[in-house]
Amino acid sequence: MSLPTVRDYCMLEKIGSGSYATVYKALKKDGSREVVAVKCVDKGTLSKSAVDNLVTEIKLLNVLKHEHIVEMKDFFWDEGHIYIVMEYCDGGDLSSFIKKKHKLPESTCRRFLQQLALALKYLRDHNVCHMDLKPQNLLLVRKPQLVLKVGDFGFAQYLSNSEHKFAIRGSPLYMAPEMLLKHKYDARVDLWSVGVIMYECLFGKAPYSSSSFQELAEKIKDSRPIEVPKAAHVSATCKNLLMALLKHNPADRITYDEFFAHDFLDLEHAPTKENYDKAAALVHKAVEMDTEKNAKEAFYLYCEALRYFIPILTNESDLKRKEVLRHRVNDYIRRAETLKVAFVDESIEKKRPAPTNKGTNRSLQRIPSSEKSSAITYNELRLYRVEMSRIKKS
């Protein structure tokens, strides 16, 4: 099959197609030789609604700039086609990734969900609802590390929290019940889609996998209970988020604020550049306190820095950078443990109640509340040690 001729770009291969567009991998002809994806839209096949969707997509992508949203680099047209030049994602889409792996470990699922949540948080700040979230529209970049990016904004809309009723948009398998049943809906439809994507990541199939649209619609209409497969093992926080997303009634579904604050995602300590900078600043302050012989404050600062550094280290794919960071993090853990010996053990022991005739209870419940945080933080250090051992072996 011959490849189209497009100004400024050398078409390399076809990488995807839809009802009115074909996507090609291409090389920019200028000195940069940048690899991009070019979406070629045939004007002759466009209905009025398709034109509206395309115009909305271009307008949105022109202003939406985020590390977890596929970037639009340019757009232009000729007599027969409209061309949208996009960032090239070398890892394919999440759907292919899941099929290849069959199902994903909870840690990988958390990483992808974190990245998707960061993109959704950005979209919420811009009052945008995607309306077609599904694994096929979540693209992956492999180098320098595995990163998920939200793509295909053809159905996206500016949408507030107030209820609206639009035409059905998106793919039925990932579509929220209120949209599929043609009820009024709002931005919470994206949260249901996130739940279906999360379920598919963890268990290899969507919760309402069906052989026909009619079968799917019946399952949705009957509000059939969604359950975790019996043979599957997921953490309590993971299951809690999954079930909170997959509520048929949008009024019962988790809110965006609750989603972004959920413990499973831990967005506060997500592996981002901003959080790396926070961690580095915390370590700098910890060293200052350590130098000033303020062991307690230095201990807490090191521990807070580690809460940021551990996810960053786990997420790092460059082996050289990972090894350098691993040594640094090990140093911080060792120093925190040394500082802990200087004040925490002694403080807890002084305040511990005398043993009763039932024996000494060494649980956290017996530690005075003012010192519980110290003991919990030390337990975190122990878990960090376990995590560092795992990282070294991987």
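Predicted model: local features only at pLDDT ≥ 70, side-chain atom pairs only at ≥ 80, totals over all residues.
1. Next, the aromatic rings. The count of aromatic pairs comes to 11. One of them joins phenylalanine 97 and phenylalanine 112, whose ring centres are 5.6 Å apart with 80° between the planes, an edge-to-face arrangement. Phenylalanine 97 belongs to helix α2 (residues 94-101) and phenylalanine 112 to helix α3 (residues 106-125), so this pair ties together parts that are 15 residues apart in sequence.

2. Are these two phenylalanines buried or exposed? Phenylalanine 97 has 8% relative accessibility and counts as buried. Phenylalanine 112 is buried as well, with a relative accessible area of 1%.

3. Elsewhere, you can look for one aromatic cluster formed by Tyr276, Tyr302, Phe309 and Tyr332.

4. Helix α2 deserves a visit of its own. Its buried residues are Leu94, Ser95, Phe97 and Ile98. These cover an arc of only 160° around the axis, so they lie on the same side of α2. On the face turned away from that buried side you will find the exposed residues Lys99 and Lys100.

5. What do the buried residues of α2 pack against? Their partners are α3, β7 (138-141), β8 (147-150) and α5 (189-203).

6. Both ends of α2 are worth a look. At its start, a side-chain oxygen of aspartate 93 comes to within 3.0 Å of the backbone nitrogen of serine 95. Just after the helix, histidine 102 takes a positive phi of about 75°.

7. That brings us to backbone angles. Most residues other than glycine have a negative phi. Aspartate 8 is not a glycine, yet has a positive phi of about 70°. This aspartate 8 lies in the segment before β1 (9-17) and is partly exposed, at 45% relative accessible area.

8. Where is serine 223 found? Serine 223 is in the loop between α6 (213-221) and α7 (236-245). Although not a glycine, serine 223 has a positive phi of about 50°. With 38% relative accessibility, serine 223 counts as partly exposed.

Terms used
Residues numbered from 1 in each chain as written. Heavy atoms only, no water. Helix = DSSP H or I, 4+ residues; strand = E, 2+ residues; numbered from the N terminus. Buried < 20%, exposed > 50% of the residue type's maximum accessible area, 1.4 Å probe, protein only. Phe/Tyr/Trp six-rings, centres within 6.5 Å; stacked < 30°, edge-to-face > 60°. Arc of directions from axis to C-beta. Contact = heavy atoms within 4.5 Å. Polar contact = N/O pair within 3.5 Å; in protein donor to acceptor, adjacent residues only side chain to side chain.
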